[in-house]
Amino acid sequence: MLSQFDYVKPLVLNEALDVLSKNDNTYILAGGTDLLIMLRHNLIDARHVVDIKAIPDLNVFSYKEGEGLEIGANVVVNALIESDVVKEKYTALYDAASVLASFQLRNRATLVGNICNASPGADLPPSLLLYNASVKIASSEGVRTVPIAEFFTGVKKTQLKKNELVVSVFLPDPGQGDTSCYKRQTRLKGHDLSTVGVACRLDGAGKVSVAINAVAITPLRLTAFEEELNAKGLSEETILWGEKEIQNHIRPISDVRASKEYRLHMAGVLFKRCMTQLMEKEAHA
Amino acid sequence: MTTHEDKDLCALEAAHQESQERRIVLSLTVNGKPVVEEVDPTMLLLHFLRDKLKLFGAKEACGEGECGACTIILNGEAVTSCLVLAAEAQGAEIVTVEGLSKDGELSILQQEFVFEDALQCGFCTPGMLMSARALIDRHPDPTDEEIMEGMGGNLCRCTGYHQIFDAVKRAAKREREELNRS
Amino acid sequence: MTHPELEHCTYQTHESYQSKYKHVGQPYERKDAIEKVTGQARYAFDLEMPGMLHAKTLHSPHARAKIVKIDTSRAKALPGVKAVITGDDSDIVVGLYMQDKLALAKGETRYQGEVVAAVAATTEAIAEQAIHLIDIEYEVLEPVRNLDDALAAKILVHEDIADIKHVEGVFFPQPDSNIASLNRSYKGDPQAAMEEADLVVENKFTLPAVAHVPLETHVAIVEADPYTGRIKIWTSAQSPFALRQLMAYSFGMQDSDIEVHIPFVGGGFGGKAGIHLEPLLTLLSREAGGAPVKLRMSRQQEFNYMPTRAGMRGRIKTGVMKDGTMVASDITYDWDSGAYADYGVNVGKTAVYGGLGPYAVNNVSIVSNTIYTNKVFSTAYRGFGHLETLWTVERQMDILSQKLGIDPYEFRLKNMIRPGDTTVSGELVTKSTGCPIDCLSAVVKEIGWTGRKTDEEREREWKTGKVRGKGFAMIQKAPAMPPNTATAVIMQMASDGHIKVMIGGIDYGQGALTAIAQITAQELDIPIEMVEVRRETNTNTNPYDWNTVASKYTFMAGNATIKAAHNMIDQMKAVASQALQSAPENLSHGDGYIYNRHRPDRRISYKDMALGYALPNGSGVGGPLISHGYYMADGLTNLDPKTGQGYPALAWTFGAHAVDIEVDVESGSIDVLKVASAFDLGQVINERMVYGQVIGGVMQGIGSAILEGYKFSDDNVLLNPSFTDNKIPTMKDMPCEVVPIYIENPQLNAPYGARGVAEHTMISIPSAIGNALYDALGINFYHLPLTPERVALGILSGKKDIY
């Protein structure tokens with residue numbers, strides 16, 4: 001590691017924001033599972049590391065019926081899996097959290113860290129896109145809220161400015177009769193990055209939403225596809241149509257993990273499998 | 001933002017000087033014993049345990065959290081110590097493989113690893129044991145899926161895993177029996 | 001279709017195994033298990049020496065480039081830096097069979113990842129900083145990308161190929177080419193037989209380079225004393241004595257001036273045989289005034305700089321008669337050995353006698369080319385070429401049986417090698433050689449094979465989204481080693497009657513320490529707890545062993561151990577005959593005593609003779625008990641350069657795998673439900689460890705079959721140099737059930753009849769899965785790995801042959 005940094009662990013948010021605003025080359029440390037890799041590979045030059053784990057404001061993990069779920073920057077992925085609210089109300093997020101990396105990493109990795117790292121193949125963002133999550137961002141100048149769909153701007157790039165940090169992610173209450181799921185393809189059964197992953201949601205009104213990762217520079221919500229799909233009405237035929245049609249809405253590339261052809265094919269297959277599962281679940285409800 | 005390539009020699013030397021000033025006094029508990037050490041903020045927890053405390057059980061086999069060979073238990077949770085700064089362990093309770101046996105006697109978990117021959121070269125074994133320890137603490141009666149989930153982050157190239165799986169299962173059973181007896 | 005003859009086939013499995021011996025065959029606990037479960041085991045990775053420096057290396061970003069200029073002045077000026085070296089400072093060239101590998105790139109780089117400069121400093125952090133202060137100017141050159149580029153020979157990876165030193169008469173570098181060695185075997189008249197065959201089938205099978213992935217990466221410490229000239233090495237290696245010899249040869253020193261220590265070794269799989277970081281570290285240590293210097297490969301360096309299993313292309317043409325008799329086989333194996341052929345060249349050579357499969361074919365031509373390209377270089381890897389050649393042969397056998405309309409089990413039985421047949425190299429097969437048919441029948445029965453699926457069955461299953469398939473494949477491998485390979489064992493009795501055994505082999509997880517202890521306990525008839533096989537290896541004190549490779553250590557050192565034990569018994573009998581006033585021929589040994597067999601109460605315990613025996617009057621007889629035994633491979637020869645005829649095989653271990661898989665027809669993912677693996681290992685030495693070899697080898701084979709492989713860019717830059725994209729199987733990937741089956745047809749010259757069974761367990765897993773995939777899908781796959789993507793896109797293509 002070439003970086004030579006100091007380490008601070010503030011007890012209040014303002015102190016963290018203060019360090020951020022006053023110093024260049026400052027990095028936020030929560031779980032560290034991405035930051036430490038970047039440091040060890042000398043991909044960044046850190047002068048200051050701000051450990052936010054002692055800031056109580058960032059530990060928030062609360063659900064209010066009729067409002068929604070707020071997940072603070074210190075909430076680790078295993079905490080999501082252990083939450084009944086996440087499992088029952090935001091099943092796609094539960095599914096995604098359950099397959100993210102390995103158990104040890106999930107003990108450290110946070111949801112907020114996963115979105116800030118902004119990997120195109122990250123597992124958690126598609127579910128957040130489905131639920132129109134919003135990202136609460138703070139700086140010493142104040143607080144702003146950004147819809148998750150606008151948060152990602154490119155490969156490993158987000159809206160986040162140098163002096164800002166993400167406080168929490170908020171997922172509105174999906175209400176009654178809402179189901180969702182996330183499925184992905186990997187190269188092996190063990191821990192792996194997503195070759196392609198699809199999250200689908202069927203809300204109480206019967207409207208379908210679809211989000212996907214690893215097919216573009218950012219995770220995507222496929223709104224045009226959703227519109228066509230919802231116009232047709234949900235049925236087994238529509239799902240089969242959707243399996244093919246979804247491929248017209250994405251333009252994946254070939255890379256070391258998978259070819260464009262396989263990603264297109266699996267996007268369709270995973271969409272079909274997600275929707276079939278949701279329809280079965282609805283039928284049994 | 002500067003990059004490493006921009007740094008010249010003087011800057012590196014200056015940085016070195018600064019690092020002396022940035023050192024942190026770390027106080028924590030390792031395998032039940034209090035430890036106080038001065039560390040550089042850039043030091044990784046794994047290297048702290050190995051280089052400072054001379055606890056060589058935890059290994060580094062990838063440095064990216066992908067293999068689990070450096071797994072230790074930090075405040076009750078299994079973590080890959082190659083991706084944790086030593087500074088983060090301020091006030092923490094840490095258990096390493098060296099802390100598993102008591103009074104010179106192998107713990108049940110260690111005994112079962114020996115009995116099942118759940119190791120060959122042994123390099124992954126300390127990490128395996130710590131993942132297993134955390135798993136059984138969490139799930140005293142783990143399902144097959146829970147074992148695979150809890151152990152899936154630890155790579156082994158020698159055994160093919162079956163023996164490790166069986167050892168964890170047997171150890172959990174014996175520990176439950178032991179608990180019922182007492 | 002069923003096979004009535006299988007009804008009578010019986011076999012012992014892991015569950016049922018019983019040994020007829022008191023110690024040999026018993027599932028004793030691993031001798032070094034306690035150190036390993038307590039964290040007390042010290043690996044080279046853990047070692048520290050007083051005054052030790054830390055090294056870091058700088059690697060070429062280009063596959064082939066001219067090094068125009070290196071400026072190390074800034075690195076040298078950094079406080080704490082004790083040595084900086086580049087290719088300009090070194091003329092050292094090393095290699096086991098081909099002396100072609102440079103300690104550091106000199107003038108040009110031959111693969112992306114090759115070391116171009118190295119630093120030793122007081123801390124790792126300073127060494128890392130210094131590496132970043134080295135400036136290099138490259139002129140990028142067009143690389144030799146692949147086998148076709150290499151064979152076109154427009155660019156030569158080694159311009160000086162004609163001058164490369166090598167083992168003459170065994171390896172054959174081709175001048176003005178990229179062929180490091182062309183080896184061949186020839187038997188009968190394959191051309192004429194091919195013309196007379198009813199059916200000739202020609203196919204091409206390929207597979208990529210694969211990494212060994214020992215959990216402990218390569219790591220070594222070297223102290224090169226400038227005053228005495230002696231070199232001390234502590235290294236994570238499989239072969240201390242070969243390393244000592246190669247070091248001495250390359251540095252122009254005496255073997256005895258080099259001392260190699262081997263602590264615990266965190267896995268090897270062939271990748272730690274031969275010579276690796278030690279020459280580079282010797283140069284650094286010398287430059288640093290003789291301080292010990294440690295270098296540890298990061299995982300990325302392990303993938304990118306350390307050698308791999310070679311990629312391979314097998315082109316096979318087989319002539320068969322309508323009744324299924326194979327009459328001719330014509331095979332060319334091309335090995336993509338990368339920039340160096342150091343050890344890899346022997347993998348190529350082995351293919352000319354190991355690359356036919358366990359079949360009796362009278363007309364054979366095998367050509368094996370070990371080829372240079374601008375990629376990371378190759379070396380030995382578990383299976384030593386047989387996983388690759390049997391991927392070719394056993395897939396071809398399956399395809400032949402498809403074309404002939406014969407059941408693949410029957411087809412193999414018809415052609416299987418039997419006593420009275422000869423191997424490719426002309427060795428006569430006897431009952432003592434082992435029986436491949438027993439192995440195949442056992443696994444076929446275990447897996448419940450009743451014949452291939454019909455198209456109707458496939459269609460019916462297809463609708464469920466998952467299709468099952470069964471397949472099997474043969475295994476055959478002999479150790480690849482020089483004909484005069486030797487090993488030795490020293491045995492000493494401690495005053496308490498414990499036996500301390502010193503060996504030259506390395507236990508890097510396979511269990512050598514325990515196996516040798518069991519043989520010692522068996523021969524001396526003492527409890528296993530009384531035997532300690534010392535783990536520390538030091539070439540100055542331990543007896544010689546060529547190399548711990550080739551799955552031959554138990555065979556060879558087992559024989560040496562028996563000799564050493566007999567020698568110790570003879571010594572004890574000589575003492576006891578005086579003490580008991582009995583003729584030595586009337587004495588027997590057992591249960592820790594030498595006794596008169598006519599009057600067993602007249603006896604002396606071993607312990608009382610350990611330091612020599614004191615007679616009642618106080619006089620001593622005998623002396624401290626020390627014995628030794630050696631084993632030299634017997635009756636082996638080099639192969640005839642033109643025909644490949646000769647005696648290369650210490651022992652053939654035959655085996656077979658059968659697998660039952662389930663394929664997701666949409667995602668292409670393969671689930672391995674069951675694996676049955678049978679080996680004619682002659683005699684189990686430690687059941688628990690044989691079990692471990694089978695389970696572990698099967699898993700590693702599954703890695704090669706469905707997951708692992710190097711990927712390169714168009715410029716031959718490695719695209720997957722980390723666990724992020726170069727995965728190995730995890731616990732979640734293990735097959736649901738593995739059934740190890742032990743066939744025991746003893747080999748006459750082996751210890752208790754035992755043949756090696758270590759590498760073998762990995763071989764042919766890809767072939768069996770490939771064959772099962774045909775059974776499931778009706779599609780033949782020709783390239784590994786059988787990733788979900790390859791399978792799914794293969795299905796989508798609608799084609800029946802996927803290359």
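Tutor: The centres of its domain 1 and domain 3, taken over C-alpha atoms, are 36 Å apart. Chain A has domain 1 (6–51), domain 2 (56–172) and domain 3 (179–284); such bounds come from an automatic or database domain assignment. The model is predicted: local features need pLDDT of at least 70, side-chain atom pairs count only at pLDDT 80 or more, and totals for chains, interfaces and linings use all residues. Residues are numbered from 1 along each chain as its sequence is written, while chains are lettered from A and ligands numbered from 1 in the order written.

Now move to where chain A touches chain B. Chain A gives 26 residues and chain B gives 30. Contact here requires C-beta atoms, placed from the backbone, within 7 Å. On the chain A side, β1 (6–8), α2 (35–40), β3 (48–51) and α6 (103–106) each give two or more residues. Helices (H or I, at least four residues) and strands (E, at least two) are DSSP runs, numbered from the N terminus. By class, this side of chain A has 9 nonpolar, 11 polar and 6 charged residues. Ala, Val, Leu, Ile, Met, Phe, Trp, Tyr, Cys and Pro count as nonpolar, Asp, Glu, Lys and Arg as charged, and the others, Gly among them, as polar.

Chain B also touches chain C. There, 45 residues come from chain B and 50 from chain C. On the chain B side, α1 (9–21), α3 (108–115), α4 (125–138), α5 and α6 each supply at least two residues. The most come from α6(B), with 4 residues. The chain B side splits into 24 nonpolar, 14 polar and 7 charged residues.

Here is your close look: α4(B) against α6(B). Their axes come within 11 Å and cross at roughly 40°. The two helices are therefore oblique to each other. From α4(B) come B:Met128, B:Ala132, B:Leu135 and B:Ile136. They meet B:Ile164, B:Val168, B:Ala171, B:Ala172 and B:Glu175 of α6(B). This contact has 8 nonpolar residues, no polar ones and 1 charged residue. Axes are lines fitted to C-alpha atoms, for helices over the stretch in contact, with angles from 0 to 180 degrees between N-to-C directions. Under 35 degrees is roughly parallel, over 145 roughly antiparallel, 65 to 115 roughly perpendicular, and the rest oblique.

Step back along chain B. B:Tyr161 lies in the loop between α5 (144–151) and α6 (162–181). Its phi is near 75°, a positive value in a residue other than glycine. B:Tyr161 is buried because it has 27 other C-beta atoms within 10 Å. A residue is buried with 20 or more such atoms, exposed with 12 or fewer, and partly exposed in between.

C:Asp176 sits in the loop between β11 (165–166) and β12 (179–187). Phi is near 55° at C:Asp176, again positive in a residue other than glycine. C:Asp176 counts as exposed because it has 10 C-beta neighbours inside 10 Å.

Stay in chain C. Helix α7 (278–287) is mostly covered, with 10 of its 10 residues buried. Among them are C:Glu278, C:Leu280, C:Thr282 and C:Arg286. After α7(C) comes C:Gly289, with a positive phi near 80°.

A cis peptide bond joins C:Leu784 to C:Pro785, with omega about -5°. C:Pro785 belongs to the loop between β35 (780–781) and α19 (788–797).

Key:
Two residues are in contact if their C-beta atoms, placed from the backbone, lie within 7 Å.
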